[in-house]
Structure formats: structure tokens, C-alpha cells
Amino acid sequence: MIVAIHLQPGESTVPPRMAHFGYDLASRAAVDAIAAHGQSEGLLMQGPGDAGPIVGYFCMLTDPDGNLVEFSHGQPINPKHL
């Protein structure tokens, strides 16, 4: 599923904070494992943490092209409920 949120464009050299790819993982432990691997590779942008009921437990990494990538567990985004 793709979730699109309309925001004003950011600076041309920096993607806006919401411009990212996101993956839902099966558990908090899976988010922690991705974060640990990202940390060891120098890619971790935001360590794992719980941001409440809408965002859930997540971490942010960068990919080789500089895109932000979110790995989360517990976000209430479910295509069955749309």
C-alpha cells in the first residue's frame, strides 16, 4: 500500500521529512534489528522509539541514494480498513 500525504515542497537539496519509503515489520524486535544493522553501516538517521498510537514504533535509515526509509511496527495503517 502507498500512503500519500500532501505537503509543501521542501528545499531542493533536502527531501522533506515526510518524503520517505516505509515498511511495516512484524515486531518491535525486527525494528530494533534493522536499526542495529543500520547503525553498524552508518545509515541510521533516527534510532528506534515509540511515537504513539498513530506512528507506532519505528526507526529511520537512509538508502544509498539518500532517500529516507522508515521501518515500523504498530502503525494502524491497514488496507483492510480503508
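These are my notebook entries on a predicted model of a protein.

**Ground rules.** I number residues from 1 along each chain as its sequence is written, and side-chain values use heavy atoms, with hydrogens and water left out.

**Overall make-up.** I looked up the secondary structure and found 1 helix and 4 strands. Helices (H or I, at least four residues) and strands (E, at least two) are DSSP runs, numbered from the N terminus. Along the sequence I read the pattern β-α-β-β-β.

In what order do the strands lie? I found an open sheet in the order 1-4-3-2, with mixed pairing. Strand 1 (20–24) and strand 2 (44–50) are the edge strands, each pairing on one side only. The twist averages 15° from one strand to the next. Two strands pair here if DSSP finds at least two bridges between them. I then checked strand 3 (residues 57–62) against strand 4 (residues 68–73): they run antiparallel and are joined by 6 bridges. Met-60 stands opposite Glu-70 in strand 4.

**The helix on the sheet.** Helix 1 (residues 28–40) packs on the sheet and touches strand 2, strand 3 and strand 4. Contact means heavy atoms within 4.5 Å. The direction of helix 1 makes about 25° with that of strand 3. Axes are lines fitted to C-alpha atoms, for helices over the stretch in contact, and angles run from 0 to 180 degrees between N-to-C directions.

I also checked the length of helix 1. At 1.5 Å a residue, its 13 residues should span 18 Å, and the end C-alpha atoms are 18 Å apart, which agrees. The expected span is 1.5 Å times one less than the number of residues.

Which residues of helix 1 are buried? I found Val-31, Ala-35 and Gly-38. They cover an arc of only 65° around the axis, so they lie on the same side of helix 1. The arc is that of the directions from the helix axis to the C-beta atoms. Their cover includes strand 2, strand 3 and strand 4. On the other side, Ala-29, His-37 and Ser-40 are exposed. Buried means under 20% relative accessible area, exposed over 50%, partly exposed in between (1.4 Å probe, protein chains only).

Just after helix 1, I noted that Gly-42 takes a positive phi of about 75°.

**Whole protein.** Of the 82 residues, 20% count as buried.

Conventions:
This is a predicted model: local features need pLDDT of at least 70, side-chain atom pairs count only at pLDDT 80 or more; totals for chains, interfaces and linings use all residues.
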